[in-house]
Amino acid sequence: MADPALHPENPTHNQTQPLKQIAIDYTPEACTHCPDANTITLTYDHRGGARWRTTTRFLYGTFSSLIQCPRGNTSGLNFNIYLSSLEGDKSQDEIDFEFLGKDRTIVQTNYYIGGTGNKEEFHDLGFDCSDGFHFYVIKWGQDLIEWLVDGKLVRRVERKKGEAFPHKPMYLYASVWDASYIEEGRWTGKYIGCDAPYVCLYKDIHVPVGSAVEG
């Protein structure tokens, strides 16, 4: 039996707190963080994009943000919010929400175990993700992952007996980047860039209480 303290449906597991501090992995001038207002702005333009992350990893919990995705012709771009044990590590655990610039009415969910993904699913949002702020939540436990949009469950994955599952402590990340080289543009579309700069807005970002892992 799974430890109930690590199960997302346990009340203590759902406790969250506002995000106060971030690290910016690249192009810091394209990322603006206002801790008092709990807002983060990412811009993609001639400088490229930017990526922020939490300064600590977390082992399980609920992660959430209001997000308004970039407007205009966003073909080729990927904007996102996701968990990863370490970006760039070939053996990473990861849990994703990814928006594909060629079609802002869908969102892709995915998760990785030890560097292996290929668990993509696409979900019809019922709206254009750039039309205003919408609420995105990832709930991650020892044996369960849930993705929610505006309070609606869009995907639920339960761990099967004997099956591997994301278990490494993870950072919360978000970025905007040109993914048009992947699959020759079939994934996110070809980058056009006619409406740059592209701005992705995050606000009311929350991370778990009591599950931060130092080091």
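This is a predicted model: local features need pLDDT of at least 70, side-chain atom pairs count only at pLDDT 80 or more; totals for chains, interfaces and linings use all residues.
Trainee: Good, let's start with the salt bridges. How many does the structure hold?
Mentor: A salt bridge here is a side-chain nitrogen of Lys or Arg within 4 Å of a carboxyl oxygen of Asp or Glu. By that rule the structure's salt bridges number eight.

Trainee: Which residues are linked in a network of salt bridges?
Mentor: Take Arg51 and Asp25, whose side chains meet at 2.8 Å, N to O. Arg51 is in strand 5 (residues 50-54) and Asp25 in strand 2 (residues 22-26), so this pair ties together parts that are 26 residues apart in sequence; strands (E, at least two residues) and helices (H or I, at least four) are DSSP runs, numbered from the N terminus. Arg53 and Asp25 also meet in a salt bridge, at 3.0 Å, N to O. The network therefore consists of these residues, with its bridges defined as above: Asp25, Arg51 and Arg53.

Trainee: Is Arg51 buried or exposed?
Mentor: Buried means under 20% relative accessible area, exposed over 50%, and partly exposed in between (1.4 Å probe, protein chains only). Arg51 has a relative accessible area of 17%, so the label for Arg51 is buried.

Trainee: Over the ring of which residue does the charged end of Arg53 sit?
Mentor: A charge sits over a ring if NZ of Lys or CZ of Arg is within 6 Å of the ring centre and within 35 degrees of the ring normal. Lys203 gives one example, lying over the face of Phe133 at 4.2 Å from the ring centre. For Arg53 the distance to the ring centre is 4.8 Å, and the ring belongs to Tyr171.

Trainee: Which side chain makes a polar contact with the side chain of Gln92?
Mentor: Gln92 lies in the loop between strand 8 (77-84) and strand 9 (94-100), and Gln92 is buried, with a relative accessible area of 10%. A polar contact is a pair of N or O atoms within 3.5 Å; within protein, one must be able to donate a hydrogen and the other to accept it, and residues adjacent in sequence count only if both atoms are side-chain atoms. For Gln92 the distance is 3.2 Å, and the partner is Glu94.

Trainee: And His134, what is the length of the polar contact that joins its side chain to Asp150?
Mentor: His134 belongs to strand 12 (residues 134-140) and is buried at a relative accessible area of 12%. Contact means heavy atoms within 4.5 Å, and, leaving aside neighbours within four places in sequence, His134 is in contact with residues including Ser65, Phe127 and Asp150. The polar contact between the side chains of His134 and Asp150 has a length of 2.7 Å.

Trainee: What kind of aromatic pair do Tyr111 and Trp147 form?
Mentor: Rings of Phe, Tyr and Trp (its six-membered ring) pair if their centres lie within 6.5 Å; planes under 30 degrees apart count as stacked, over 60 as edge-to-face and the rest as tilted. The count comes to 14 aromatic pairs. Tyr111 and Trp147 are 6.3 Å apart, centre to centre, with 40 degrees between the planes, so by the cut-offs the pair is tilted.

Terms used:
Residues are numbered from 1 along each chain as its sequence is written. Side-chain values use heavy atoms; hydrogens and water are left out.
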